[in-house]
Amino acid sequence: MKRILIAYHSESGATKTIAEYIAQTAKEDQITVLPVEKVETLDYDSVIIGTPNWYGKPAPAVSRFLRARGQELKGLSLAIYFSCMDCYPTEEGEQQGMLIYADGHFRKQTLGQGAKLSSWQKSHTVTSYVANLRAAVGDLPFQSLGLFKGRLDFQRLSWGHALMMRFICLINKGVRPGNYVLPEDITAWSRMLRIE
Ligand SMILES: Cc1cc2nc3c(=O)[nH]c(=O)nc-3n(C[C@H](O)[C@H](O)[C@H](O)COP(=O)(O)O)c2cc1C
């Protein structure tokens with residue numbers, strides 16, 4: 001039996017819901033699901049970190065956690081996922097030693113070689129996600145990066161964040177409120193991490 005920690009930050013609940021789906025997959029293991037702020041010990045075999053995409057980056061609470069606890073995390077099997085509203089896979093397989101998994105919403109918008117990208121698309125390619133992750137947390141050896149479409153619900157956001165996301169929706173017809181979580185894809189990624 002492996003001891004697995006799923007540590008997340010979540011403002012409107014999507015990243016938390018994804019953490020709970022991952023936890024349901026790991027039947028044989030001892031799973032702990034906690035907000036990053038509540039993590040004390042890192043006495044686990046594996047750690048899965050969940051964060052919303054905030055302006056292309058992990059939420060500040062997650063970046064802070066990874067920077068502060070990086071040395072302790074280095075010896076563990078480590079994976080990370082973003083819940084986000086958009087992502088454009090450009091390459092398959094691995095990047096920087098990480099297995100990349102994009103959910104069904106995002107696989108449908110895989111970009112071909114030489115595609116002309118808008119600035120929004122450029123800031124939402126898998127390469128951009130990996131670069132922003134590295135800029136935020138350095139060279140932590142993640143086994144895998146999962147990219148899952150989450151939820152946009154203005155009612156669940158702070159006033160300032162709701163205003164910003166309404167503006168993003170206005171300039172980006174592809175970003176629409178709704179709950180887009182695909183449980184089967186989360187389960188598929190969990191299986192790839194071999195936590196069943
Ligand atoms: C402050 C803020 C900034 C965001 N920036 C982006 C962004 O740049 N790209 C994106 O795809 N989604 C962005 N989102 C949307 C969230 O990543 C998405 O709704 C996520 O599923 C929310 O997760 P949560 O419910 O766990 O908070 C942003 C949301 C907030 C609140």
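**Close-up views of a predicted model**

**View 1. Strand β8 and its partners.** In β8, Y101 has G146 as its bridge partner, and the strands concerned, β7 and β8, pair in the parallel sense over four bridges, where pairing requires that DSSP finds at least two bridges between two strands. Strands (E, at least two residues) and helices (H or I, at least four) are DSSP runs, numbered from the N terminus. The model is a predicted one, in which local features need pLDDT of at least 70 and side-chain atom pairs count only at pLDDT 80 or more, while totals for chains, interfaces and linings use all residues. Residues are numbered from 1 along each chain as its sequence is written. β8 also runs parallel to β5, to which it is joined by seven bridges, and L78 has F142 in β8 as its bridge partner. Because six of the eight residues of β8 (residues 142-149) are buried, this strand is largely enclosed by the rest of the structure; a residue is buried if 20 or more other C-beta atoms, placed from the backbone, lie within 10 Å of its own, exposed if 12 or fewer, and partly exposed in between.

**View 2. Helix α1 and the residue I18.** Helix α1 covers residues 14-25, and its buried residues are A14, T15, T17, I18, A19 and I22. I18 is among the residues with the most contacts inside the largest nonpolar core, which has 46 residues; such a core is a set of buried Ala, Val, Leu, Ile, Met, Phe, Trp, Tyr and Cys residues joined through C-beta atoms within 7 Å. Leaving aside neighbours within four places in sequence, I18 is in contact with G50, Y81, S83, F148, V181 and I186, contact being defined as C-beta atoms, placed from the backbone, within 7 Å.

**View 3. Two loop residues with positive phi.** Most residues other than glycine have a negative phi. Y55, which is not a glycine, has a positive phi of about 55° and lies in the loop between β3 and β4 (57-58). Y55 is exposed, with 9 other C-beta atoms within 10 Å. Q96 likewise has a positive phi, near 50°, and is found in the loop between β6 (94-95) and β7 (98-102).

Key: The expected span of a helix is 1.5 Å times one less than its number of residues. Two residues are in contact if their C-beta atoms, placed from the backbone, lie within 7 Å.
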